[in-house]
Amino acid sequence: MASEADSRALQRFYRWNAPIYDLTRWTILHFRRAAVEAMRLSPGMKVLDLGCGTGLSFRLITRRIGHEGVLVGVDLSADMLRRAARRQTRNIHLICAEAGDLHLKPTFDAVLMAYSLTMIPKWESAIRHASKHVREGGTIVILDFGRPEGRFSMFRRAFDRYLALNHVRTDRDLKGLLQQNVNRVEVLRPVSSYATLLRGTR
Ligand SMILES: C[S@@+](CC[C@H](N)C(=O)[O-])C[C@H]1O[C@@H](n2cnc3c(N)ncnc32)[C@H](O)[C@@H]1O
């Protein structure tokens, strides 16, 4: 059960991580470009970036939706959003909110959740809300840590411990829950790889 304490712990974590986020996380957060491509964006589209962090995906998205498109970035951490504001252009709007409690109009063409769902305490509610925010026929793209098996399992155990220290939970069935909330799910990178990439179509 998600609690206020979980949310406060995350906010504290990002208070001191926000200043070093861009400098350090490029080493572990891969396949961002593939995730943005998976949204199948075109000029004028409206996109929601849930758990947008410092806005590392913003430029890739705005390049595709153009000036007439709209990008809404949502994050629980005010410290991360302050960094994201440095990447803000006129068609980017930032909202400080809990993804699991978000109520926006269901007008989005696409929703991106890049490396955020494994951190969000109310992750089930976040997927449910995301599916309500996207219009019929729109896409929800999830990029997150997978669960590689086999010869890298020793490395994996150490990495899992590192991720747990970073408030990341890799035991969540993201694909299963996405399947319950959209009409079709495509696995673009399997859960058994370093990072899983899922596209849901509503
Ligand atoms: C690992 S970062 C990923 C940031 C960004 N999507 C990226 O790809 O670089 C996870 C982000 O999710 C945000 N987050 C965690 N829990 C959240 C929640 N409950 N509601 C909204 N954002 C949340 C964190 O504050 C953090 O900025």
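The following conversation concerns a predicted model and the reasons for the terms applied to it.

Colleague: Why is proline 106 called partly exposed?

Modeller: Proline 106 has 13 other C-beta atoms within 10 Å. A residue counts as buried at 20 or more and as exposed at 12 or fewer. The value for proline 106 lies in between, so this residue is partly exposed.

Colleague: Where is proline 106 placed, and which residues does it touch?

Modeller: Proline 106 belongs to the loop between β3 (92-96) and β4 (108-114). Leaving aside residues up to four places away in sequence, proline 106 touches Lys132, His133, Val134 and Arg135. Contact here requires C-beta atoms within 7 Å.

Colleague: What makes strand β1 largely enclosed by the rest of the structure?

Modeller: Strand β1 covers residues 46-50, and five of the five are buried, so the strand is largely enclosed. Lys46, Leu48 and Leu50 point one way, while Val47 and Asp49 point the other way. Residues on both sides of β1 are buried.

Colleague: How do you know that β1 pairs with β2 and with β4?

Modeller: Pairing requires at least two bridges between the strands. β1 and β2 (residues 70-75) have five bridges, and β1 and β4 have three; therefore each pair meets the requirement. Both pairings run in the parallel sense.

Colleague: Which elements make a β-α-β unit, and what is its handedness?

Modeller: The unit consists of β1, helix α3 (residues 58-65) and β2, and it is right-handed.

Colleague: Which residues have the most contacts inside the largest nonpolar core?

Modeller: They are Val47, Ala110, Val111 and Leu112, in a core of 51 residues. Val47 is buried, and valine is one of the listed types. Apart from residues up to four places away in sequence, alanine 110 touches Val47, Met39, Leu41 and Val141, among others.

Colleague: How many residues surround the ligand, and of which classes are they?

Modeller: The ligand is surrounded by 22 residues, and the closest are Gly51, Gly53, Ser77, Ala99 and Ala114. The shell has 14 nonpolar, six polar and two charged residues.

Conventions
Residues are numbered from 1 along each chain as its sequence is written. This is a predicted model: local features need pLDDT of at least 70, side-chain atom pairs count only at pLDDT 80 or more; totals for chains, interfaces and linings use all residues. Helices (H or I, at least four residues) and strands (E, at least two) are DSSP runs, numbered from the N terminus. Two residues are in contact if their C-beta atoms, placed from the backbone, lie within 7 Å. A crossover is right-handed if, with the strands pointing away from the viewer, the path from the first strand over the helix to the second runs clockwise. A nonpolar core is a set of buried Ala, Val, Leu, Ile, Met, Phe, Trp, Tyr and Cys residues joined through C-beta atoms within 7 Å. A residue is near a molecule or strand if its C-beta atom, placed from the backbone, lies within 6 Å of it. Ala, Val, Leu, Ile, Met, Phe, Trp, Tyr, Cys and Pro count as nonpolar, Asp, Glu, Lys and Arg as charged, and the others, Gly among them, as polar.
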